[in-house]
Number of protein chains: 2
Amino acid sequence: MSGKGINVAIIGVGLVGSAVIQQLSALPALHIVLLQNSRKTLLSPAAAALSSGSWADALASSSTAALPLPELVTKLQELAKETGRHTAVVDNTSNDDVASFYPSLLGAGFSVVTPNKKALSGSLDLYKQIQAATADAASGPLLYGESTVGAGLPIIGTLKDLIATGDEVEKIEGVLSGTLSYIFNEFSTAKGSDVKFSTVVKVAKENGYTEPHPDADLSGSDVSRKLTILSRLIPSLTSALPKGFLSVPTASLTPEPLRDIASGEEYVARLPEFDAHFDEMRAEALKEGKVLRYVGVIDVLKGEVKASLERYPVTHPFATSLTGSDNIISFTTKRYERPLLVQGAGAGAAVTAMGVTADLIRVAERRG
Amino acid sequence: MSGKGINVAIIGVGLVGSAVIQQLSALPALHIVLLQNSRKTLLSPAAAALSSGSWADALASSSTAALPLPELVTKLQELAKETGRHTAVVDNTSNDDVASFYPSLLGAGFSVVTPNKKALSGSLDLYKQIQAATADAASGPLLYGESTVGAGLPIIGTLKDLIATGDEVEKIEGVLSGTLSYIFNEFSTAKGSDVKFSTVVKVAKENGYTEPHPDADLSGSDVSRKLTILSRLIPSLTSALPKGFLSVPTASLTPEPLRDIASGEEYVARLPEFDAHFDEMRAEALKEGKVLRYVGVIDVLKGEVKASLERYPVTHPFATSLTGSDNIISFTTKRYERPLLVQGAGAGAAVTAMGVTADLIRVAERRG
């Protein structure tokens, strides 16, 4: 980390953003110069406010309305000039406008660190603009998004290292959704389980493990976004490269007749109608000595990327080692014939913030 | 990676060194300026020789005898001046003289990248000299040693990220020796096994999975070296910080009467005398529904570091997920209450070289 350090602007100060602020308060080389939510902007927050948590009140009572993004750029450029420091912008939102503004942020010379999947899993056009804006790896702006897949788990960094050192990735396979991990770890066990699928989903929703509308998880779109992000890092996958997450073949777990239901409550209430279907799949798997897991698969040799419900032998790490709402990912490569596995919590504010903070440290190491 | 890139000097060109050279030949920003083994030095090897592998002949027929380390420093300083580039020295040896020369290399302004455990697990005095020489993280020389534990697996980087972002490490536990992983994965299985301990060791030796003298593995010293390296990264462990790997309580698997046998062959021939002892330990574990695994443990809460033979439930990932000669490591932290797990090949030239090459890329990103 440099003597100068870097300026950090944080857009989005919800659970993850708050945890990032808390982690950064112990790292003096990472200077928080701006906080912004959808309503307000707080410029140059006091160090004491950042470490005590009173920044939240200061932001709420700030007299500055949330800066439109082009004005934010101007302001950050002024602060960069005053301090002589490089600037990193952290996007903790899930806002499309912020995501599509990355090329402008990078174009202004700012690095971008993000746990938000939108930009990196969106249109190929946006992705190519981001690539072009970060092409000067020697001294240009940087983009890091470790937390977009598996939160703080070393997944994107590991994949980048494998590729940069010349390994050939053959297959990536993983349980990439904490919600779907929990649901199938409960529903389909090696010993056999007779709990109903709808009951597991209902309990998950009640405990806040699903989005308010469970279809947001059960549709698999979170997994196809993560697959898109990982796929785009694999140069040999060009032919199968997703045009965006919508082009990844994705098996939705939501029964056809429930796909247009707008209310999460009604959705959960009607799910029992389809329990027999899930029971049958589970029984068929168990007959083969297997369990059901909802996984993302990138099969480089076959040129295939998909999110789907698959069967794994009860002796497979996805069946034996995985618990709770953990993520697990397996990299099979030319060098790692027996896969390299990474497992652990793939969601949660503190571990997501850890990925963001570690990325910011890397920006400071390279541009501070 | 910078436009300038960095100069790389490689000391030790055996299996790992050769694999590093092969990986670097695809990375033009990493300029190999010197190769050295115990006999010869080759200056400014031709790029064509590096990618084709003919560097080995060129080194063997070089007219320059291996440079003494102080002369190597002078030579590398000349080359740094000529090229205007930062220099990284890679130590692929297991040589004590090279290890104790790290402070001088760092003092000359060179970064050091090493898969060699000697310096980082040796005396606390040497370690403190290395720390002092790398204290200027903003622009001073860097030291990376990802491959010293688990080869290319993301272990040291992950631990550093956890700590740098303010997580509190509570416990690290792992099967850190590929040889001892293989031996106990064969000897002690969830289903029960009746193979003799001496037979497993004999087969392992015949297949080259052990050192020529198996005591080098069975003594546990490789594990205590790795534990020392990891422990020294944990600031809150100060009271239990190993003075060096010899101060780590380490259970040797070599039966007392065999500890002074100089010949690996005689050692293996006499090992069957002690099979009953190992059979008994295995049976006792299985009676409790457990398997035996030789692990390294850093229990931060208890302030304890040890290498020992422990029992794990047959449902534990160390029993169910681990296969072959893989390493597995588990980090339990304040944020990761269910542990963060990393598993995969922890030895082998290509994966060890991967850790070295990825470390060199980081040096180039920061100093290139």
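Accessible areas here come from the Shrake-Rupley method with a 1.4 Å probe. With that in mind, chain A exposes about 14,300 Å². Carbon and sulfur atoms supply 52% of that area. One caution before I go on: this is a predicted model.

Now the overall build. Chain A has 17 helices and eleven strands. Its C-alpha trace spans about 70 × 45 × 35 Å along the principal axes. Is the chain compact or extended, and what is its radius of gyration? The value is 22 Å. A compact globule of 368 residues would come out near 21 Å, so the two agree.

Next, the inside. Buried residues make up 56% of the 368. Take the contacts between residues at least 6 apart in sequence: 68% of them join residues at least 24 apart.

Charges, quickly. Chain A carries 34 positive and 39 negative side chains. The centres of the two sets lie 4 Å apart.

Let me zoom in on one strand, β4(A), residues 86–91. How many of its six residues are buried? Six of six. A:His86, A:Ala88 and A:Val90 point one way. A:Thr87, A:Val89 and A:Asp91 point the other way. Both sets are buried.

And the neighbours of β4(A)? Strand β1, residues 6–11, pairs with β4(A) in the parallel sense, over six bridges. In that pairing, A:Asp91 is the bridge partner of A:Ile11. Strand β5, residues 111–113, also runs parallel to β4(A), joined by three bridges. There, A:Ala88 has A:Ser111 as its bridge partner. So much for β4(A).

Technical notes. Residues are numbered from 1 along each chain as its sequence is written. Chains are lettered from A and ligands numbered from 1 in the order in which they are written. This is a predicted model: local features need pLDDT of at least 70, side-chain atom pairs count only at pLDDT 80 or more; totals for chains, interfaces and linings use all residues. Side-chain values use heavy atoms; hydrogens and water are left out. Buried means under 20% relative accessible area, exposed over 50%, partly exposed in between (1.4 Å probe, protein chains only). Helices (H or I, at least four residues) and strands (E, at least two) are DSSP runs, numbered from the N terminus. Two strands pair if DSSP finds at least two bridges between them. The radius of gyration is taken over C-alpha atoms; the globule rule is 2.2 Å times the number of residues to the power 0.38. Contact means heavy atoms within 4.5 Å. Lys and Arg count as positive and Asp and Glu as negative; His and the chain ends are not counted. The place of a charge is taken as NZ of Lys, CZ of Arg, CG of Asp or CD of Glu.
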